[in-house]
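Please keep the sequence and the structure at hand while reading.

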Amino acid sequence: MNSQLFFFKFIFKSLIRWATRQALVGRNRAPNEPEIGRFTQAEVKRLIDQSWQDFDELVPDVSREPTVGSRMNVRLAALTLAMLRSLATDGIERKYAVELIGDACWKIYQYWGRVGRFIGRTLSRRDSIKDQASRVTKDGSWPMSFPFNPPGYRALYVPTKGGLGFNVIRCPVAEYFYARGAPDLAVSTWCMLDYPLAEMVGLKLVRTRTLAAGDQQCNFRWFTTANEPDFIRNTT
């Protein structure tokens with residue numbers, strides 16, 4: 001195991017264990033069959049351990065990724081897929097397994113959102129969204145914040161009346177899931193959690209296309225409630 005992968009596991013193992021236990025322990029093993037019983041702590045521990053074993057087989061070589069953030073996120077994507085495989089091996093129906101994983105991911109998003117690690121400081125105030133054009137680079141790129149920073153992630157600024165708009169044209173996580181035939185897992189976990197994450201900072205997200213679903217871009221449009229009509233008209 002290389003040093004970067006060792007450090008990744010050192011950082012995330014405890015957090016993943018906590019989030020997965022929070023999301024799964026006590027939940028029904030099947031959504032409409034309560035007689036099957038609920039996940040126990042011992043079962044969840046076994047699922048987590050199995051996921052880390054599968055992760056070692058699924059984790060790709062991320063040396064081509066140019067940033068720490070993109071390398072970290074691709075590894076987390078591999079771990080997400082490993083968890084799906086562990087649940088499938090236990091006979092959990094795919095759609096429900098994706099829902100459970102999404103709930104575990106949300107626990108992590110909530111944590112990171114609260115400490116500000118996954119939210120750019122410029123989006124932390126409702127009124128700061130008015131002045132975002134000043135951050136656009138000369139080539140029209142939008143400089144997203146860690147871990148979504150360029151050049152690992154690439155986005156283009158889109159002028160949007162009353163709010164902030166940009167199109168993500170490169171997402172390494174979307175590439176990872178799409179290449180492995182798991183766009184549903186990406187869209188229903190990583191992508192969908194962007195909406196409640198926006199709400200955590202008092203904003204609303206409108207997005208009609210995602211790279212993970214096979215579109216050419218993710219068209220992010222952020223707005224406050226008062227400006228919602230402007231954003232809806234400018235989602236193309």
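How many disulfides does the count come to? The model is a predicted one, and the count comes to 0 disulfides. A disulfide is a covalent bond between the sulfur atoms of two cysteines. The rule asks for cysteine sulfur atoms within 2.5 Å. For Cys-171, the closest cysteine sulfur is that of Cys-218, 6.1 Å away, which is too far for a bond. Cys-191 also has Cys-218 as the source of its closest cysteine sulfur, at 6.0 Å, again too far for a bond. Cys-171 is buried, at 15% relative accessible area, and Cys-191 is buried at 12%.

**Salt bridges**

The structure contains 12 salt bridges.

| Asp-56 | Lys-9 | 2.6 Å |

Asp-56 and Lys-9 meet in a salt bridge. Asp-56 belongs to helix α2 (residues 41-58) and Lys-9 to helix α1, so this pair ties together parts 47 residues apart in sequence. Asp-56 counts as partly exposed, with 43% relative accessibility, whereas Lys-9 is buried at 9%.

Because Glu-99 sits in helix α4 (residues 94-115) and Arg-27 in the loop between α1 and α2, the pair ties together parts that are 72 residues apart in sequence. Glu-99 is partly exposed, at 42% relative accessible area, and Arg-27 counts as partly exposed at 21%.

**Nonpolar residues**

The largest nonpolar core has 68 residues. Those with the most contacts inside this core are Phe-55, Leu-87, Phe-166, Val-168 and Phe-177. Apart from neighbours within four places in sequence, Leu-87 is in contact with Leu-24, Phe-39, Leu-47, Ile-92, Ala-97 and Ile-101.

On the surface, Phe-6, Phe-7, Phe-10 and Ile-11 form a nonpolar patch whose accessible area together is about 470 Å². Phe-6 is part of helix α1 (residues 3-24). Is Phe-6 buried or exposed? Phe-6 counts as exposed, at 53% relative accessibility.

Note on methods:
Residues are numbered from 1 along each chain as its sequence is written. This is a predicted model: local features need pLDDT of at least 70, side-chain atom pairs count only at pLDDT 80 or more; totals for chains, interfaces and linings use all residues. Side-chain values use heavy atoms; hydrogens and water are left out. A nonpolar core is a set of buried Ala, Val, Leu, Ile, Met, Phe, Trp, Tyr and Cys residues joined through side-chain atoms within 4.5 Å. Buried means under 20% relative accessible area, exposed over 50%, partly exposed in between (1.4 Å probe, protein chains only). Contact means heavy atoms within 4.5 Å. Patches are made of residues with over 30% relative accessible area and no salt bridge: like charges are joined within 9 Å, nonpolar side chains (Val, Leu, Ile, Met, Phe, Trp, Tyr) within 5 Å. Accessible areas come from the Shrake-Rupley method with a 1.4 Å probe; for residues, only the protein chains shown count as cover. A salt bridge is a side-chain nitrogen of Lys or Arg within 4 Å of a carboxyl oxygen of Asp or Glu. Helices (H or I, at least four residues) and strands (E, at least two) are DSSP runs, numbered from the N terminus.
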